[in-house]
Amino acid sequence: MLILVRKGFRKYQRRVLISSFYIALLFLVFLLLSTYVNLGNTKQLSAYDNDWDDISEFRKEISDLGISTKSLVSSPLLLNEIENPTNSTFVISGVEKDTFSLPSIGSDSSFISFSEPEGYSTSEISAITSFVERGGTVIVLDDFGYSSGIADAVGISYSNHRLYDDEYAVELDYNYVWMNISQNHTDWEDSEEFHIGHSRWHQGTDPTGTGMHPCSRWSESDITFATKEEAGLCGHHYNSTSKKIEYDYDYNLLLNAPSAFESIEFSGTFSYYEAVGRSSPQSYLDLNNDGKITLETETAQSEADAQGPFDVYIETCDSSDCADSSGGRIYFISDGSALINAIYSFDSANSGDFDEDGKSITNIPSNDNRKWALDVIAESALTANNFTNKDAIMASSDAMVIFDESRHSQNVLFTDAYNLVYFLLVYLTGDGIGMLLLFILLFLAFEAVLIKKTDPEPWRHIFNIIYYGFGDAKRYGYYTRTNKIKQVFLSRVRNLNALSREEFDRMPAQELQDLIKDPVLVKFVFENKKYDLEQTVAIVKRIKAWQKG
Amino acid sequence: MWTRKAAFSITGGISLVLIGMMISNFQLMVIGLTFVAFTVLNGWIKGHGNVEVQRILSADNLYKGDDLFVELRITNRSMRRTQQLEIYDNVPHEMKLRSGLNYMRVNLGPGQSTRIRYSLRCPLRGHYSIGPISIRFRNTFNLFAQEMFVSHHSDLIVFPQVRDVEEAFIRSRTPKMYTGASTLRTPGPGSEFYSLREYVTGDPFKNINWKAFARTGDLMVNEKCRDAVTDLFIILDSRDISRIGTVLKNPLEMGAVAAASLASFFIQRRDSVALAIYDDGVSYLPADTGDKQYFKILSSLAGVVPKGSMPLQAVTNSLSPRFSRGSPVFIISSIEGDGTVPNAVRDLVGRGHEVTILSPSSLDFERLVSRIPRMSYEVLKIERQNRLTGLAGFGASVIDWMPDVELSQALLQVKDI
């Protein structure tokens, strides 16, 4: 019974241990996945969804312009696969998810890095900067997301504080802030110089000078176009009356709850930086994150919010002045929703195209967000430097815009799981350490197959009888002892003379000697003497021969 | 089930795809995909084991050392080919394949059938089962294999060998009280005619004497003399100690042969034979005669295995109420490791039984598997002789049965004790 109870307890203990192990394993897997899979999040900023807070209108428009649009759901490591990215643009609109911290080749201090920058892994950031260095264009639109990793890589820093500005869209509310693109920062002190325009695209301070933007160059060329479509990538500047492209360098961008960049010295590896867009002098950065503007006069200086202007839109290039049309550029705007459908297509939004159940969008003011975005795309795609041939204004066959969907939360489990698997696949085939891991994995898989996988055994009848032996070798020594031999001999004497034990025990010694007769055996029985092996053998032989005659 | 080749093919294919992705080599990826696709496609091409199998044995019961002939008929009852099928009849490993093979590769068309014939030698007694039939399908490229079973079993019993001991009993000094069936001059079941009497309801028709009926006009039946038979009791030692020796030569094997042979001899003489086998308990077959009893005895002996350590006196004490007065008792035991044997024998002899002890020499069986030092062997031998002499002194007939001596020869040696 006790054994049964013990066995039952051990079985129970084993089950509990196994269950605990699997619970712990599931918990760890859940923790790991929960950092990457966020099903509770609302899906937004997607180029392939048509809600008011997605950017599908932008994608559709550039697609209509003949530019190939693609989405990237796994990892920006795939940018390395683009051989000539001169006409390609990579759009990061909101980085909602952090990256997996998988081992990768370290940058400076360590060979292998186990911790990754925010948002993108070292390898991914390297792929993005390499993409820019090879002539690609990157648009980074983010406010409080995980873009700091890529911003840090080019020497820019997000403040991660909410920006409030007196220059907000009065038709809406204070969450919608105007950002005006000025020629240079110092002009902010002079309100007369408030709206000069994009300095590089407009070429210097001379408002009559020829801008560097290709649409500006086409505008200067005085060529007429019969239709808007004929004006190609500069069609959004087309004046249907004059039949010409009339480039306008003034941009009023409407931002939704933006942040701002830190006002620091640029320290990145790129040679050209320019804070193209700034907030107004009457803007404030909510440093204490209390959701209100707190002036220095109202509280202690340490708790007060900072007053603007603040950098909101920064351009950086690999070339010294961004003059090279085939050179790469990165556009940073500290607002993830700068191109959402409601702002980008404000007319459609106001006419109710993006209304949802119980939510109606109205009064979105006219803005230049669309113009700015299409100008960025035009600058990226029109690299021919030919402003006379009308074919050159059309999108080239290799022009491409890639939308980064890998850092958008999905509200469907399988979509997120698919993205995760795809990310791992790209990591393992694109990252140095990933490839090393994959090689090891493949090697181990082959080893496992080689060792573990066996073919079905050939069937063959085997005649197999276990020829077991059974004996008691321990007793052999006992039967060589003198006393035992003596006992066996006396038993023999008693048996052969048909005596009972009692009769034999009562028998006088002389009578026993007469029965035995053999003097050697008599001596053996009556003398307690030690016998060596030879003598014992001789005695046993005599016992065996005793009375046989 | 995947074969090793399939596992190599699939892992190789996936590896090539991944390496192709790593080094951006499209050709490698295509080759890898080809491997994977080839393996996957092969996984879909399957045969089937939907066959009907019938096994025919030459005998259901046979004696140790006899040959068994087996025929397996396999028929494809389906409407499509089986593809490559391996068919294997699972045979107990204690049986030796004498001729033919219990394995065949077939590819049967719809309705086709084939046969496998083989013969087995059964060197060990026991209860055995042939089957099930294993069927394995392999696809053409040996990438996948699938195993199935046809749960078709054929049971058979291998009886211990039966030796002819008649001559030994005639020539030996073994007491001649085993006289076989003798007629008594009283009516009852028997073989010899006793008298005629009138028919009464319930008499079997076969006993009606039709000539007497024709002569007298009344139904008359034949009455037979009652046959008196001797009840013989065989007690077989199946304790754990009786396994000493090899699997083919040990006290239990020899004891089983002896018990079967004695039972055969006495049942042929129309005596009643009872069998008691003791190991960790006693299994008792009450005294009876005839073929049915003979079959029961052989079946019991076929399944006996060494175990336990029950003393002989406990056996005789428990069975003594069942022993017929004065009936002969045969004890087949090595007489080792049981201090109660002298008392048990003395009690049996004291109650008037003719006790014969057939004792396989376990010491000499032990020599077959273990090197016993010469001097120890001699002393052990003397001790065994003392033990047997002691039993003989109680009035039992004792036979010291050496491993290399035939049973009939051993029975003649009773005089030597």
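**View 1. Three salt bridges cross between chain B and chain A.** A salt bridge here is a side-chain nitrogen of Lys or Arg within 4 Å of a carboxyl oxygen of Asp or Glu. In one pair, the side chain of Arg475(A) meets that of Glu366(B), at 2.3 Å from N to O. There's also a network of salt bridges that links Lys484(A), Glu336(B), Glu383(B) and Arg387(B). Keep in mind that this is a predicted model, in which local features need pLDDT of at least 70 and side-chain atom pairs count only at pLDDT 80 or more, while totals for chains, interfaces and linings use all residues; side-chain values use heavy atoms, with hydrogens and water left out. As for labels, residues are numbered from 1 along each chain as its sequence is written, and chains are lettered from A and ligands numbered from 1 in the order in which they are written.

**View 2. Chain B and chain A bury about 4900 Å² between them.** Buried area is the accessible area (1.4 Å probe) that two parts lose on being put together, summed over both. Carbon and sulfur atoms give 69% of it. On the chain B side, Arg4(B), Met22(B) and Met375(B) lose the most area to chain A, together 15% of what that side buries. How many residues does each chain bring to the contact (heavy atoms within 4.5 Å)? Chain B brings 61 residues and chain A brings 48 residues. Arg136(B) also lies over the face of Trp459(A), 4.0 Å from the ring centre. For a charge to sit over a ring, NZ of Lys or CZ of Arg has to be within 6 Å of the ring centre and within 35 degrees of the ring normal.

**View 3. Polar contacts join the two chains as well.** The count across the interface is 18 residue pairs, both residues at pLDDT 80 or more. A polar contact is a pair of N or O atoms within 3.5 Å; within protein, one must be able to donate a hydrogen and the other to accept it, and residues adjacent in sequence count only if both atoms are side-chain atoms. Among the elements of chain B that give two or more residues to the side touching chain A are α1 (4-22), β9 (133-138) and α10 (374-393). These names come from DSSP runs, numbered from the N terminus: helices are H or I with at least four residues, strands are E with at least two.

**View 4. Tyr313(A) and Trp372(A) make an aromatic pair.** Rings of Phe, Tyr and Trp (its six-membered ring) pair if their centres lie within 6.5 Å; planes under 30 degrees apart count as stacked, over 60 as edge-to-face and the rest as tilted. The count is 23 aromatic pairs over all chains. For this pair, the centres are 5.4 Å apart and the planes sit at 85°, so it's edge-to-face. Tyr313(A) belongs to strand β14 (residues 311-317) and Trp372(A) to helix α9 (residues 369-381) of chain A, so the pair links distant parts of the chain, 59 residues apart. Both Tyr313(A) and Trp372(A) are buried (under 20% relative accessible area, with exposed over 50% and partly exposed in between, using a 1.4 Å probe and protein chains only).

**View 5. Asn369(A) sits in helix α9 of chain A.** Is Asn369(A) buried or exposed? Its relative accessibility is 2%, so Asn369(A) counts as buried. A polar atom of its side chain lies 2.7 Å from the backbone oxygen of Ala338(A). Asn369(A) and Ala338(A) are 31 residues apart in sequence, yet 6.9 Å apart in space, C-alpha to C-alpha. Leaving aside neighbours within four places in sequence, the contacts of Asn369(A) include Asn252(A), Leu254(A) and Ile343(A).

**View 6. Asp311(A) and Arg278(A) form a salt bridge within chain A.** Their closest N and O atoms are 2.8 Å apart. Asp311(A) lies in strand β14 and Arg278(A) in strand β11 (residues 272-278), so the pair ties together parts 33 residues apart in sequence. Asp311(A) counts as buried at 7% relative accessibility, and so does Arg278(A) at 12%.

**View 7. Arg163(B) and Glu406(B) meet in a salt bridge in chain B.** The N to O distance is 3.8 Å. Each residue lies in a loop, and the pair ties together parts that are 243 residues apart in sequence. Arg163(B) is partly exposed at 32% relative accessibility, and Glu406(B) is partly exposed at 43%.

Terms used: Contact = heavy atoms within 4.5 Å.
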